[in-house]
Amino acid sequence: MTVYADILMLLNLYIDFFLLLAVRRFLGLQVRGRRLVLGALTGGLLSLTALLGWEGPLSLLLGAATALVVTAAAFAPLPLRRYLRATACFWLCTLGLAGL
């Protein structure tokens with residue numbers, strides 16, 4: 001199977017932007033659109049780690065780390081509890097979009 005890195009990154013950039021927009025609305029966070037774009041760009045770049053081919057628990061750990069970094073880029077600085085809530089909401093929105 002052929003995977004094009006530019007298409008993977010661009011698609012994830014758009015999806016991450018709309019996921020971060022959903023998190024902002026669900027949690028009522030006051031964040032500018034530029035910060036959401038920064039978070040989406042971070043997610044787009046980190047989506048390239050999927051090309052490493054890691055599977056199992058390592059893949060899950062990488063997904064959790066990616067969610068932490070993307071939400072930090074978009075919503076920092078936040079108190080720890082709100083930051084973790086934003087990360088959990090981001091992950092739940094991602095799972096909802098992917099359709100468990």
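## Helix α1 against helix α3

Axes here are lines fitted to C-alpha atoms, for helices over the stretch in contact, and angles between them run from 0 to 180 degrees, taken between N-to-C directions. With that in hand, look at this predicted model and start with helix α1 (residues 5-27) and helix α3 (residues 57-75): they pack at about 65°, and their axes sit 11 Å apart. The crossing of α1 past α3 is right-handed.

Who does the touching? On the α1 side, L20, V23 and R24; on the α3 side, V70, A74 and F75. Sorted by class, that contact comes out as 5 nonpolar residues, no polar ones and 1 charged.

## Helix α1 against helix α2

Now turn to helix α2 (residues 33-46), whose axis comes within 8 Å of the α1 axis, the two crossing at roughly 135°. Angles over 145 degrees would count as roughly antiparallel and 65 to 115 as roughly perpendicular, so α1 and α2 end up oblique to each other. Here too α1 goes past its partner, α2, in a right-handed crossing.

From α1, the contact draws on M9, N12, L13, D16, F17, L20, L21 and R24. α2 answers with G33, L36, V37, G39, A40, L41, G43, G44 and L45. The class tally for α1 with α2 is 10 nonpolar, 5 polar and 2 charged residues.

## An aromatic pair

How many aromatic pairs does the count come to? It comes to 1. The rings involved belong to F17 and F18, with centres 5.5 Å apart and planes at 75°, so this is an edge-to-face pair. The cut-off behind that label is simple enough: planes over 60 degrees apart count as edge-to-face.

## Over in helix α4

Last stop: L95, which is found in helix α4 (residues 80-98). Its relative accessible area is 34%, making L95 partly exposed. Going from L95 to A76 takes 19 residues along the sequence, and their C-alpha atoms are 22 Å apart in space.

How values were computed: Residues are numbered from 1 along each chain as its sequence is written. This is a predicted model: local features need pLDDT of at least 70, side-chain atom pairs count only at pLDDT 80 or more; totals for chains, interfaces and linings use all residues. Side-chain values use heavy atoms; hydrogens and water are left out. Helices (H or I, at least four residues) and strands (E, at least two) are DSSP runs, numbered from the N terminus. A crossing is left-handed if the near helix is turned anticlockwise from the far one by less than a right angle, and right-handed if clockwise. Contact means heavy atoms within 4.5 Å. Ala, Val, Leu, Ile, Met, Phe, Trp, Tyr, Cys and Pro count as nonpolar, Asp, Glu, Lys and Arg as charged, and the others, Gly among them, as polar. Rings of Phe, Tyr and Trp (its six-membered ring) pair if their centres lie within 6.5 Å; planes under 30 degrees apart count as stacked, over 60 as edge-to-face and the rest as tilted. Angles under 35 degrees count as roughly parallel, over 145 as roughly antiparallel, 65 to 115 as roughly perpendicular and the rest as oblique. Buried means under 20% relative accessible area, exposed over 50%, partly exposed in between (1.4 Å probe, protein chains only).
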